[in-house]
Amino acid sequence: MKKSLKILILLFGLLIAAITYVYFSENEKLPDGKKGQEAEELAAKMFAALNGEAFYNTEIITWSFRNVHHYKWYKSENKVSVSWDENNVILDTKNYGNSEVFINHKKVENEDVLQTAIKYFNNDSFWLIAPYKIFDQGTERRLVKHNNKDALLITYTSGGTTPGDSYLWILDENYLPTSFKMWTSLIPIGGISATWSNLKTTSAGLKLPTAHKLSLFGMEITLENVQAYNKKADELAHKILKAIKHKNYKNTRYLEWSFAGKRHFKWDKKLHIVQVSWDSIRVELHPNNIENSQVYVNEKIQEKTDATLVKKANNIFNNDSFWLVAPHKLFDKGTYRNIIKENNKEALYIKYTSGGTTPGDSYSWFLDENNVPNSYKMTVPSMKMSNVPATWQDWIVTESGTLLPTNHIFSSGNKLSLGTVKGYN
């Protein structure tokens, strides 16, 4: 008995010594930071790098925290299912009083379980979405120099479970967070760091982490089954594809069209080779193997291919094909979808985060009674265009059985003709 007691005292002493060592070796004072325009600009760059707009528009987020607490967050409805052990709480994030508590699938009144669910959600969601909360009400943003680089200090003056906490975000050259340092009431040691890596790009466009490693004793926090998606938006997108016979589009081998009578195209979709013609120039464009492209002038092949003309042809194709087939690209890689409302009607909002010539463009699609697009509003930041409207009209059924538009009219009254549109095999 005395031996066991001595061992316990020794272990306790070692623990106190370890904590003391860590405290004095790791503890950091909260750095001073500067509020103002520079801090706000850095925060905006970080938010944009994370595709923060997508967070506000996401319908559903799911994850598990250390495979112990499980969440399905109906974000657009302000409700989240929080489950652990035999407990399940349907938490109303706008009004906790409207929440429902279930134990062993039986609805009960249990304030302790409700408060536990609130605490779990506040903590566990922070480890998933913290960078998206930098503009929350009650936050303060400051610019801090960390290792001679700009870092972003966020202080939460209200909200959550532990108001007053501060986090210093360390960013890479693209303004994506790679780690952060913490000064919180729950951890007595200031400046403990955690990684913010292992990012997963979800179908909703969010970049979410799947694990964190802390500097404190090498602790690791895992996040399993991480997903974020927009179910209603995806359902509407599928309705559009069905209406315009997208299955037939995928099976169509050849597309032909022109652009305002100035440029002409014949696209072999199967081989992804495009004949792009304007004036006396014809480029046999290989978008996936650009070095294999060839240039013809007055139908005479160039011995040394003009790379400038190939690049021009590629840019022309990216732009002009979009005016023909954009509604068929709703699920392209790098897109995310959500539903917006305008004049009490639902529209499908699409943003392209990669691909094409100008990633970052977005489009709001408006539909007729058959779910065929009849117009959209386009936002192209690189061209300083914001919500510019255009019609999508005079759709035809091609020989291959898909639907494609032949004309567009802009708010200025200008008309864009795609000429004689063909689709065949």
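Here's a quick briefing on helix H5 and the sheet it sits against. Keep in mind that this is a predicted model. The sheet is open and has five strands, and H5 packs on it. Another helix, H7, lies across S22, S23, S24 and S25.

**The helix**
- H5 covers residues 231-243, which makes 13 residues.
- From first C-alpha to last, H5 reaches 19 Å, close to the 18 Å expected at 1.5 Å a residue.
- On the buried list for H5 you'll find Ala233, Asp234, Leu236, Ala237, Ile240, Leu241 and Ala243.
- In an α-helix there are 3.6 residues a turn, so residues three or four places apart point the same way.
- Just after H5 comes Lys245, with a positive phi of about 55°.

**The sheet**
- Its strands run in the order S21-S22-S23-S24-S25, and the pairing is antiparallel.
- S21 and S25 (385-391) are the edge strands, each pairing on one side only.
- From one strand to the next, the twist averages 25°.
- Eight bridges join S21 and S22 in the antiparallel sense.
- Across that pair, Tyr336 stands opposite Lys351 in S22.

**How the helices meet the sheet**
- H5 touches S21, S22, S23 and S24, and its direction makes about 95° with that of S21.
- The partners of H5's buried residues also include helix H6 (246-251) and strand S27 (403-404).
- H7 spans residues 307-325 and runs at about 150° to S24.

Technical notes: Residues numbered from 1 in each chain as written. Predicted model: local features only at pLDDT ≥ 70, side-chain atom pairs only at ≥ 80, totals over all residues. Heavy atoms only, no water. Helix = DSSP H or I, 4+ residues; strand = E, 2+ residues; numbered from the N terminus. Expected span 1.5 Å × (residues − 1). Buried < 20%, exposed > 50% of the residue type's maximum accessible area, 1.4 Å probe, protein only. Contact = heavy atoms within 4.5 Å. Pairing = 2+ DSSP bridges. Axes fitted to C-alpha atoms, helices over the stretch in contact; angles between N-to-C directions.
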